[in-house]
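Please look over the sequence and the structure below before reading on.

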Amino acid sequence: MEKLPLGRAFTLIEPGPVVLVTTRDGERDNVMAISWTLVLDFTARFALTTGAWNHSYAALLKTRECVLALPAADQLDTVIGVGTCSGRDTDKFARFGLARAKASRVQAPLLADCLANIECRVEDIVEAHGIVVLQGLAAWIDPARKERRLLHAVGDGTFTADGERFDRRVAMRDKLPEGL
Ligand SMILES: Cc1cc2nc3c(=O)[nH]c(=O)nc-3n(C[C@H](O)[C@H](O)[C@H](O)COP(=O)(O)O)c2cc1C
């Protein structure tokens, strides 16, 4: 993984991809799948929606940190596997052969086979709605990864991968952060 300027991290989440969220509860690493994500602004602030039915939620509350890992299209079956069993009774890293790398700012691990990773601190939890507000602290990208398409959940059990990219940078210049 290569360091990605934190000011670009929102461009990983803005397209609405499925992410893998790693946590470490102090003893064990865990990972879950999340498709309900939101970019809050350009400064690497995000929100995701989850709740106490997931084992990861307790670790998010306790440690107030996590990593958002961005799986590529060739990791769909891993995403489904990770999102359909629980760290309560399963070591998902062993079960799905997930390679970990050390993060720089948080205890939760990076996922080495993903396209990118964003280390995050939990800034706020709106418990009534299960909204977890995250502040990105550091971002990483694998420039050598061949499959670069992100996955998107339709919500009915089907998924799409990134398609054609349209460049409107000139027309949007006034709305984009400097240097992006
Ligand atoms: C594609 C996919 C997307 C998911 N999106 C969400 C989500 O946005 N929010 C959520 O709470 N759970 C979501 N889940 C379910 C959790 O990933 C799942 O409950 C997982 O088993 C929790 O793991 P844990 O108990 O180890 O934390 C999703 C699952 C899949 C397969």
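Which backbone oxygen does the side chain of Thr 22 reach? The side chain of Thr 22 reaches the backbone oxygen of Pro 109, at 2.7 Å. A polar contact is a pair of N or O atoms within 3.5 Å; within protein, one must be able to donate a hydrogen and the other to accept it, and residues adjacent in sequence count only if both atoms are side-chain atoms.

The model is predicted: local features need pLDDT of at least 70, side-chain atom pairs count only at pLDDT 80 or more, and totals for chains, interfaces and linings use all residues. Residues are numbered from 1 along each chain as its sequence is written, and side-chain values use heavy atoms, with hydrogens and water left out.

**Buried strand residues**

Thr 22 is placed in strand S2 (residues 19-24). Helices (H or I, at least four residues) and strands (E, at least two) are DSSP runs, numbered from the N terminus. Thr 22 counts as buried because its relative accessibility is 0%; buried means under 20% relative accessible area, exposed over 50%, and partly exposed in between (1.4 Å probe, protein chains only). Not counting residues up to four places away in sequence, Thr 22 touches Asn 30, Val 31, Cys 66, Val 67, Ala 108, Pro 109 and Leu 111, where contact means heavy atoms within 4.5 Å.

Ala 116 belongs to strand S9 (residues 116-126) and is buried, with a relative accessible area of 0%. With neighbours within four places in sequence left aside, the contacts of Ala 116 are Met 1, Leu 12, Leu 68, Ala 69, Leu 70, Trp 140 and Ile 141. Ala 116 and Pro 71 are 45 residues apart along the chain, and their C-alpha atoms are separated by 7.5 Å.

Val 132 sits in strand S10 (residues 131-141) and counts as buried at 0% relative accessibility. Its contacts, leaving aside neighbours within four places in sequence, are Phe 46, Ala 47, Leu 48, Thr 50, Tyr 57, Val 122, Asp 124 and Ile 125. From C-alpha to C-alpha, Val 132 and Thr 37 are 9.5 Å apart in space, and they are 95 residues apart in sequence. Thr 37 lies in strand S4 and touches Ile 13, Pro 17, Val 19, Ala 47 and Leu 48, not counting residues up to four places away in sequence. The C-alpha atoms of Thr 37 and Arg 105, 68 residues apart along the chain, are separated by 21 Å.

**Positive phi angles**

Most residues other than glycine have a negative phi. Ala 44, although not a glycine, has a positive phi of about 70 degrees. Ala 44 is in the loop between strand S4 (37-39) and strand S5 (45-49), and counts as buried at 0% relative accessibility. Arg 64, also not a glycine, has a positive phi of about 55 degrees. Arg 64 is in the loop between H2 and strand S6 (65-70), and is partly exposed, with a relative accessible area of 34%.

**Pockets**

On a 1 Å grid over the protein atoms alone, a pocket is an open set of points where a 1.4 Å probe fits, with protein on both sides within 12 Å along at least five of seven lines; lining residues have an atom within 4 Å of a point. Grid points are joined across faces, edges and corners, and a volume is the space filled by probe spheres set on the points.

The largest pocket has a volume of about 1100 Å³. Of its 26 lining residues, Arg 8, Thr 11, Pro 15, Arg 165 and Arg 169 are the closest to its centre. Helix H1 (residues 10-13) gives the most to this lining, with three residues. By class, the lining has 13 nonpolar, two polar and eleven charged residues. Ala, Val, Leu, Ile, Met, Phe, Trp, Tyr, Cys and Pro count as nonpolar, Asp, Glu, Lys and Arg as charged, and the others, Gly among them, as polar.

The second largest pocket has a volume of about 540 Å³. It is lined by 30 residues, of which Ala 33, Ile 34, Ser 35, Gly 83 and Thr 84 lie nearest its centre. Strand S3 (29-34), helix H2 (55-63) and helix H3 (76-82) are the elements that give two or more residues to this lining, and S3 gives the most, with four. The lining divides into 13 nonpolar, 14 polar and three charged residues.

**Ligand**

Of the 19 residues around the ligand (a heavy atom within 4 Å), Asn 54, Ser 56, Cys 85, Ser 86 and Gly 87 come nearest.

| Residue | Protein atom | Ligand atom | Distance |
|---|---|---|---|
| Ser 35 | backbone N or O | nitrogen | 3.0 Å |
| Thr 49 | polar backbone atom | nitrogen | 3.0 Å |
| Lys 92 | side-chain N or O | oxygen | 2.9 Å |
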